[in-house]
Structures are given as C-alpha cells and as structure tokens.
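Dear colleague,

Please find below the structure that I am handing over to you, together with its sequence. A summary of the findings follows it.

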Amino acid sequence: MKPDLCRDFEVHADDGGWRVVTPWRYGDRDRVVIWAMPTDNGWRIDDNGEAAFRMALDGGDPESQRVRAWLSNVPVMLGANWNADEQRLEAFADEKDLAPAIHAVAEVSALLGSLSLAREVRTPSTFKEEVISMLRDVSRETG
C-alpha cells in the first residue's frame, strides 16, 4: 500500500489494518489520520469520527441542516460517505481502490473539520433598538 500513497503519508500497521497519518491538518494543526480495516469484501476506510468530534468541540453540529446538506453531496464529489450512526466518514474499497479511498476520506475529514472554522460570527440586530428610538422621538415630538 505504501508505494501507492505519496511519500508524505505515514503508514503504520494497526490492529489488523493500517493507520495512515496524512500530511493534511485540521484547524488546530493536528494531522488528519485515517484507518483502513479489512472486511469480508475488501476494506473499510474511516476517520474514526475525528472530524465530527473536532466540529463538536468547536461548537459545530454534524447533524445541523447546513452540515447534513454538505455531507449529502460528498459521495458524489469525493466518494466518502457519512455514517450517522457511528458519526464518522467512511468509504469501502477493494485492494486496487484502497489508496484513492484513503485520499477521499482524508480530504473530506479535513474539509468537514474546517466547516466549524468557517462559521460566521453573528452580529446582533439593531433593528429593535432603532424602532424603539424612533417611537421615543415621535412620542417626544407629539407629546
């Protein structure tokens, strides 16, 4: 598997499968790590729930409407799927598609992790205060 991945990836045997430390990073500079575990039909590749965990720590919600809409397009764009029950990104691949699946899950995990960084800061509306101020002015002028 190592020759199929770029030299910046670290591949380690782990619990009957592989732990792949990628060169990509989350917002806190931790590296994106992907697990590849053998199944009866090939390989399950997943991020062990890291992106969802990091999003939750940042106050994001992987079950929010915006995130679910984004995740619904991921299989079409990149080939990874959201496993809502396990709260993780995953893909299934045979031996020949293992490296592309690892790349896909790692990329989506990094992107999902960055969604929590892209939140817009809410600015409080001044509409209510402006209306109250106008009503006070009118009240003063008209007695």
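The predicted model contains an open sheet of six strands, paired in the antiparallel sense and ordered 1-2-3-4-6-5. The edges are formed by strand 1 (10–14) and strand 5 (81–83); each has a single partner strand, so one side of each is left without a neighbour in the sheet. From one strand to the next, the twist averages 30 degrees.

Asn 81 has Glu 90, in strand 6, as its bridge partner.

Helix 3 (residues 98–115) lies across strand 2, strand 3, strand 4, strand 5 and strand 6. Relative to strand 6, helix 3 runs at about 165 degrees.

Most residues other than glycine have a negative phi.

Arg 29 has a positive phi, near 80 degrees. Its place is the loop that joins strand 2 (17–25) and strand 3 (31–39). Arg 29 counts as exposed because its relative accessibility is 57%, and the cut-off for that class is over 50%.

Asn 48 also has a positive phi, in this case near 60 degrees. Asn 48 belongs to the loop between strand 4 (42–46) and helix 1 (50–57).

Yours sincerely

Note on methods. Residues numbered from 1 in each chain as written. Predicted model: local features only at pLDDT ≥ 70, side-chain atom pairs only at ≥ 80, totals over all residues. Heavy atoms only, no water. Helix = DSSP H or I, 4+ residues; strand = E, 2+ residues; numbered from the N terminus. Buried < 20%, exposed > 50% of the residue type's maximum accessible area, 1.4 Å probe, protein only. Pairing = 2+ DSSP bridges. Axes fitted to C-alpha atoms, helices over the stretch in contact; angles between N-to-C directions. Contact = heavy atoms within 4.5 Å.
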